[in-house]
Amino acid sequence: MEKEKKEKVEKKDKAEIVPKNEGMWLLKSIFSKKSNTDGDADSNVKTSPDQNPPFSFLSAHANAVVSLCSKTLGISTNALQEQFDLELPDNLKQPESHARNFLEFCSYKALGLAITQPNYLNDKEFRRLTFDMMIAWEVPGVASDQIDKETASCSSQDVEGEDGWSLFYSNSTKMAVEVDDKKTVGPEAFARIAPACPVIADITTVHNLFDVLTSSSGPRLHFLVYDKYLRSLEKIIKFVQNAVGPQVISNLSLAEDEIIIDIDGTVPTQPVLQHIGMSAWPGRLTLTNHALYFESGVGLYDKAVRYDLAKEMKQVIKPELTGPLGARLFDKAVMYKSTSIAEPVYLEFPEFKGSSRRDYWLDICLEIHRAHKFTRKYNMKGNQLSEALARAILGIFRFRAVREAFRVSSSNYKTLLCFNLAESLPGGDMIMQTLSSRLTLISPTAGQQEILSSPNANKKHVLPAALMTLITLKIVPSKEGELNGEAIYQGVDVCVGESNPLEAVVKQLKLDTGMAEAAQATVDQVKVEGIDTNLAVMKELLFPLIETYNRLQRLISWDDPFKSTMFVLFTSYLIYTDWIKYALPSIFVFLALVMLWRRYTWNKRQLGAFKIVAPPSKNAVEQLLTLQEAITQAESLIQSGNIILLKTRALLYAVAPQATVKLSIVLVLTGTVIAVLPLKYLMLLVFVESFTMNMPLRKETSERGLRRIREWWVRIPAAPVELVKPDDKKRK
């Protein structure tokens, strides 16, 4: 056995060394489109079918993809199989899963190398290869291929780009699968392949991304939609790469590790307005991975004002109404408030219809702020902090690409932003805990040279794949070394044949989210408009409590002396014997039994609609009068509350000396009684006193006593109040 294993290792070393020495041209031409009409001898040797024979346990789709992966890696398919046998445990080589696991292994290896090349998203063949991997993932084995042949056929035609020869789809292979108009992929295949390229998808939001991309095409993803998404993503990345100019650098004074994520307000017809107090200025808004910058002006901009998102300053970022001269008219603004500024700042995004611009900027600002909040909570430093922010940045790129390509918006439960999703998702804190556990495996102090060139030095460490993706895309400058495809392969969130803890948590929360969305749909359905209608609904829903209160009132009023007497005796007995303490637990147990009885006896019944008689409809004038009356009543209640508080203040400060002395004596006597008497006797005394006030024998005396208390209260003056106008220090 040891001899056979040694021979396998020697074969693996030969397979890796020879093609890599001979295949430097191959690696350089993976994403270049050079004309090769004649096809020289050297390329014919590398692409000879004899060197990459098809595997009997793989389908035609899977064999084609494995062949392309071997070309990308510069090694033979047999060498790939040897690596698979050596590197993966035996439980991943079972017959029922061997084909799919081998396909994932080859795909992840090839993508790990492919995404180290610059501008790989711009290459049409790369986009086709990733989609073919998803197709092959659904039909990896021969048995699944037989079923798939009934609905789809494999095309052996070569696919050439506009400039000629293509490595992935060449005449010499004759096995590549061209994506036809009917070829689509499902959510599981997309979720297993797409996160292998960190810029394309994140493991936490990959299912939401699939739902957004397939919102108009049902549960299957078409290549044309996928290709459009990647082309839009490539445009966003080019924009970010070219965003930093001399004027921007001089105006913003960016830190060394600060990255521009998005800019708005550069088009005169779509300005961004900053409102502070009564004043407003048009200008340009810039978001970085640490702060928001606003530069007032049109065309020529003043020095930027910085609104921090990274440090703990009790920031509040939320949607808000705004308008001219401080009027709250248009729901198109984002409010920023923190301890670093004297008053809130409102950033308005004017548009004729809707508030999509505002919603987009609100989401991406919250994503950066929550990413920093996450890193502070788990005390992340160095590469760990950079990796968390890189995940947020890539999520914003994907969110913007989908928004610009398809003009769709997603709910809180379907957002494409990782940290926003964790904030809004039921149980989202589990995502953050699992993500923090994974990020803590990243070495916080290792340099890029150590991380990228020596990925196998310490197997227990996870590599910052999102950060290295930003380095590849030239958004983050690379100070040391070159990217290593094996390093990125080990750093991604997908694992061959199994799901990592983060993926498992997301899948479980996705099931819980379905229940939350269904519950929220019922909430939205039962919402009604109008004060009168909502009051009618509340009155009907509270009918049992209202009826119970009315019956207690009749007992207290002694309309039926016999019932009132029996109630007083029974309750007094419960209080005296200390059984009253079991009253509340008994109510809880009774409600639990009723709910369980409903649960098991009404299991298959559907709850009927709660029928409510709608109040008569009112016109606009009547509704305004009703609103005015309600406001008047609310104002009267507030005034009465203020009077009570001011009279209490007068008693505390002895504005009325005689009333203060009387109240002091009453408080001393009450405190003495409470200190001396046991609790049950106090409860009995209070209950009997309050419940027998209206009985025939005590009614006259009780009314006289209440009258004297009201007269005493009326004679107490209110403490003085002076209204002072605030100093207007707002900028004008």
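Colleague: What is the bridge partner of His275 in β11?
Modeller: Tyr346 is the bridge partner of His275. This is a predicted model, in which local features need pLDDT of at least 70 and side-chain atom pairs pLDDT 80 or more, while totals for chains, interfaces and linings use all residues. Residues are numbered from 1 along each chain as its sequence is written, and side-chain values use heavy atoms, with hydrogens and water left out.

Colleague: How do you know that β4 and β11 pair?
Modeller: Strands pair if DSSP finds at least two bridges between them. Strand β4 (residues 272-276) and strand β11 (residues 345-348) are joined by 3 bridges, so they pair. They run antiparallel. Strands here are DSSP E runs of at least two residues, and helices are H or I runs of at least four, numbered from the N terminus.

Colleague: Which other strand pairs with β11, and over how many bridges?
Modeller: Strand β10 (residues 330-337) pairs with β11 in the antiparallel sense, over 4 bridges. Tyr336 stands opposite Val345 in β11.

Colleague: What joins β4 to β5?
Modeller: β4 and strand β5 (residues 279-288) pair antiparallel over 5 bridges. Leu273 has Pro282 in β5 as its bridge partner. The two strands form a hairpin with 2 residues between them. Gly277 in that turn has a positive phi of about 65 degrees.

Colleague: Why is β4 called largely enclosed?
Modeller: Buried means under 20% relative accessible area, exposed over 50%, and partly exposed in between, with a 1.4 Å probe and protein chains only. In β4, 4 of the 5 residues are buried, so the rest of the structure largely encloses this strand.

Colleague: Is helix α4 mostly covered or mostly uncovered?
Modeller: α4 is mostly covered, with 13 of its 14 residues buried. Helix α4 (residues 60-73) reaches 20 Å from its first C-alpha to its last, close to the expected 20 Å. The expected span is 1.5 Å times one less than the number of residues. Gly74 follows α4, with a positive phi near 75 degrees.

Colleague: Where do α14 and α18 meet?
Modeller: Contact means heavy atoms within 4.5 Å. Among the residues that meet are Ile393, Leu394 and Phe397 in α14, and Leu467 and Leu470 in α18. By class, this contact has 8 nonpolar (Ala, Val, Leu, Ile, Met, Phe, Trp, Tyr, Cys, Pro), 2 charged (Asp, Glu, Lys, Arg) and 3 polar residues (the others, Gly among them).
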